[in-house]
Amino acid sequence: MPTTTLQIPTTDGRADAFAAFPDHGERHPGVLMYADGFGIRPVLREMARELAGHGYYVLVPNLFYRHGAAPVIDLPEHIGEEVRPALMAQVMPLIEGHTAERVLSDADAYLSFLTTQPEVGAGPVAVTGYCIGGLLAVRTAAAHPDQVAAVAAFHGPVGADGPEALAEITAQVHFGHAESDLTPESLGELNRALDAAGVRYTSEIYPGTVHGFTMSDTDAFDPAGLRRHWDRLLPLLDRTLASG
């Protein structure tokens, strides 16, 4: 499985990134993958490689490149509850400083870069994201309705920008929520907003999960939740992108 590190030109400099893509064929559908707040690290590279193995070129940018190359903060091999508070104290200022204006400017650069890579075929792309990356995925899909055919977000604050933002999405959508993040009542409210916006979607709470359930290097990891994530994500991409 070919992998590479890249530098993406942006209006504020160059974002370092990781990409994985199949070792057969010349061109493949593109997927922009937004990491969670802890950023690019072995578990994200592993997930990108697994997705690439299904026929996609997967680009994972360093969200916080303005503060340095990934990893922007020092991370242990396993992010347990005993170290999480100290790590979050470092991550939260980065997330709070990553304004909507920066998100949209970066999304322009990431999509432009992704769609011009020699291994990426013509046609629409997909965007997926985890935790805060899920919100970035939603914002990217809303801002680029002509390019983004699918958007998936997992344990992310997908409704943070309100119903008006959801109404801008033309892509097919899957939202996988952690049981600890969303009550059934809140899920119903979100899904009614998606219905009102005319979005084609699935949006569900993954049973027994807590925030961060897809990340195998954290105490939040739930193997059944990760399997469910792949069971939802791969068919979505297969329906919306011409798999290589």
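1. Basis. The model is predicted: local features need pLDDT of at least 70, side-chain atom pairs count only at pLDDT 80 or more, and totals for chains, interfaces and linings use all residues. Residues are numbered from 1 along each chain as its sequence is written, and side-chain values use heavy atoms, with hydrogens and water left out.

2. Strand S7 (residues 172–178). Helices (H or I, at least four residues) and strands (E, at least two) are DSSP runs, numbered from the N terminus. Seven of the seven residues of S7 are buried, so the rest of the structure largely encloses this strand. Buried means under 20% relative accessible area (1.4 Å probe, protein chains only). One side carries Gln 172, His 174, Gly 176 and Ala 178. The other carries Val 173, Phe 175 and His 177.

3. Partners of S7. Strands pair if DSSP finds at least two bridges between them. S6 (residues 148–154) runs parallel to S7, joined by five bridges. S8 (residues 201–206) is also parallel to S7, over six bridges. Val 173 faces Val 151 and has Tyr 201 as its bridge partner in S8. From S7 the chain passes through helix H6 (residues 184–197) to S8, a right-handed β-α-β crossover. Right-handed means that, with the strands pointing away from the viewer, the path from the first strand over the helix to the second runs clockwise.

4. Strand S4 (residues 57–61). Five of the five residues are buried, so S4 too is largely enclosed by the rest of the structure. Tyr 57, Leu 59 and Pro 61 point one way; Val 58 and Val 60 point the other.

5. Partners of S4. S2 (residues 13–20) is antiparallel to S4, with four bridges. Ala 17 stands opposite Pro 61. S3 (residues 30–34) is parallel to S4, with three bridges. Val 31 pairs with Val 58 as bridge partner. Helix H1 (residues 42–52) links S3 to S4 in a right-handed β-α-β crossover.

Conventions. Buried < 20%, exposed > 50% of the residue type's maximum accessible area, 1.4 Å probe, protein only.
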